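Take a walk through the model below.

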Amino acid sequence: MVEISSVIAASAGKTLIEKIFKQVANRSTSIDKILSEDFNIRGRDMIIECPESLQKYSLTFESKKKFLLPNKKRIRLGPVRRVNIRPIQSLKPIFNAITFLDDGFEINLDCLEPGETYILDLEYIISDPNFIDSLVYKKVAQETPHNGVQDYWMAAQLKHLKVLQQDFGYVDLRDIDFSVDVSIYQDIKMKIPRIFGEKIETIIRLTQPIGRSEQGKLLSRLIHQQKQKYTGEEMELLKELQDLFNSSKFKQFIDIRKDFYYSDCVRGGDFYEKLPFPTWPRSMKVVSRTDLNFENPTADGNLIYKKDSFAEEIGKIFKPR
Amino acid sequence: MEIHEKIYVPEYSIQGEDIPLSITWDKSKPITISVSFSENIEIKEIYNIDDSEFEINGNIIYINKFEINGYLGLAMQTKSQNRSTIDDEIIVRINYKGEEKTIIKKIKLFRPDIKILYVPEVINIMKIGDKLDIQNKIVIKNCGKGTGLIKLKAKESSELELVDLGGIEEFTKKVIGDFVERMKKLKERYPQYSDLMDEFVKTREDNTQFDNNDTIKNVVSRITKAFEANREFMDDFISILYISYMSNLSIIIPLESFIKYLKSINIGRIVMSNPISVLKITPSYRTLNAELTLTDLAYNTYEPIELANIKINSNIDCNVPIYSLFKFMNDLEDS
């Protein structure tokens, strides 16, 4: 028998989400109301940029009249992060049309021409750090069971669909972040030549306090081991190996498919998890993004890690000379 | 039945992890849905319905109405099972105007399955020339498809103890000391993260903290959230960590860490989670009384594996890296 004792029907975080969307909707309604006194509003669009938790609201409007005297339209709905006005024809922002205030901004109406259509772009910060987690259920594969092709799944679904439906239309959620830990440690191990490891071990032992006779033996072993030449010295080779974990290099081994797209990658969990500094990674953290909206409340995709190509690249670093 | 349904269930998951299920269909078509699960799965949350709009009967959930027609989301949790790999399925039945359509989605649930194949009564550690010769190792194999992170822990009753020694350990202490000093200014600048920074240092200083995966998970998750909320804090935090690291770095550290890294990794999906630990040996017969603790990449913990008392026989005083006490089998060696 399945245990379904603790099922929650979409109530988790709903209060928070409804509160935030009420604030978001109130802001846009108030702006519309203030501007409609002097302008004809032609269109509205709202998106939420998830990584920065930004509400982006755009209005297209046409001025009804010529403002002869200096005249300002004040919009005091809290601090705005960014605002600009652009004529739809040139799309070039009119910088002196906006003055920032502590609790909002004002539009200098004498900078606007009658009959011209303008776009007003506004950005407000959604300050609640739990906003996206309360709105979107995100899951990714922690590990793949396959030894061959490494295919990690990623999935997103909206917890609360109805809140995206607003009076002016639908709110879009953009660039929702997902990070997948791509396991790489075994691929490194498999491609490091045994003799290279033995040589490093000898060097380490030579730096430790040892007797003269042992030192002699180790030195003769090192001379023997140095017969096997690589394309660089030990530290250079290790640096080249570390360079593979840089985003610009590692991204070539990643392919993102379906509803997601690649954003970035960084070194993931360290092999020595007790150490407070990076040494050798157990995985690479690959960040992908997707969008959700009222029409598309779910997204699924795949992250393909091209482990054969990665192993081949390591092989090139340790190629005998 | 033309309702253009799209059903998503991932093809696999580590046992004990959460998995999603989503169904979308033509918004203009009113349908009812039932979803059947096996005993390996629990439902956690249902999205886009009200509390009164679903019914549970045994291992089937029936949903008759949706807040907005055209979408249903489920968050489910898989359970850890005795069998390390299970081929499971989720059955979705969609009813539209009295006509029923059945869709079966398959999912593989897996986990690591660490087995001790051989525990020697005596392990002989002898110095021959300038090399340590270790005879009779503990033989271990991962029979599951998930990566197992193992950690050898000596019990209180053990005559031999495990310690962290060597250049890396000394280096770690210096880095942490430097980091704590530099962190004072950071704490003044970001008082809201002061406690979090203290907890971070504590997890790095105190070995026992790492026996508790929930603590690591919690601190890591809170730091990640703090980084997401405040990029400036993230940059400053990483910067002082990097400076502490670089100012203590000597050439031997990267070499030593690399060698231990290589030696602790095993092809059969087994990783030692305390690679810098060593067993302190004296020239005598001493008993090692230990257990192996096990976690996976999703931080699920498993029952520890008891190792029978092992006599360690040696002719020298030395520190033996713990990975050298094990022989790791993989499928290739087995066949």
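Chain A averages a pLDDT of 82. In this predicted model, 81% of the residues of chain A score at least 70. Where pLDDT is low, predicted coordinates should not be read in detail.

Now the overall make-up of chain A. Its secondary structure comprises eight helices and 16 strands. The chain has 321 residues, and 29% of them count as buried. Consider contacts in chain A with a separation of 6 or more: 71% of them join residues 24 or more positions apart.

How is chain A divided into domains? The assignment gives three. Domain 1 covers 14-125. Domain 2 is made of two segments, 136-188 and 236-317. Domain 3 covers 196-227.

Domains 1 and 2 of chain A have their centres 36 Å apart, taken over C-alpha atoms. They also touch: 13 residues of domain 1 of chain A are in contact with 12 residues of domain 2 of chain A. Which elements supply the domain 1 side of chain A that touches domain 2 of chain A? Helix H1 (14-36) and strand E2 (39-49) of chain A each supply at least two residues. H1(A) gives the largest share of that side, with six residues. By class, the domain 1 side has eight nonpolar, one polar and four charged residues.

One strand pair in chain A deserves a look. Strand E9 of chain A spans residues 136-140 and is mostly covered. Four of its five residues are buried. E9(A) pairs with strand E10 of chain A, residues 150-158, in the antiparallel sense. Five bridges join E9(A) and E10(A). Within this pair, Lys139(A) has Ala155(A) in E10(A) as its bridge partner.

Turn to chain B. Here six strands form an open sheet with mixed pairing. Their order is E2-E10-E9-E4-E7-E6 (chain B). The edges are strand E2 (12-14) and strand E6 (54-57) of chain B, each pairing on one side only. From one strand to the next, the twist averages 20°.

E6(B) runs antiparallel to strand E7 of chain B, residues 60-63. Four bridges join E6(B) and E7(B). Phe54(B) stands opposite Ile63(B) in E7(B).

Next comes the pairing of strand E4 with strand E9 of chain B. E4(B) covers residues 32-36, and E9(B) covers residues 85-96. The two pair in the antiparallel sense over five bridges. Ser34(B) faces Arg93(B) across this pair, the latter lying in E9(B).

E9(B) also pairs with strand E10 of chain B, residues 99-110. This pairing is antiparallel too and takes in 12 bridges. Asp87(B) stands opposite Lys108(B) in E10(B).

Conventions. Residues numbered from 1 in each chain as written. Chains lettered and ligands numbered in written order. Predicted model: local features only at pLDDT ≥ 70, side-chain atom pairs only at ≥ 80, totals over all residues. Buried ≥ 20, exposed ≤ 12 C-beta atoms within 10 Å, placed from the backbone. Contact = placed C-beta atoms within 7 Å. Pairing = 2+ DSSP bridges. Axes fitted to C-alpha atoms, helices over the stretch in contact; angles between N-to-C directions. pLDDT = per-residue confidence, 0-100. Domains from an automatic or database assignment. Nonpolar A, V, L, I, M, F, W, Y, C, P; charged D, E, K, R; others polar.
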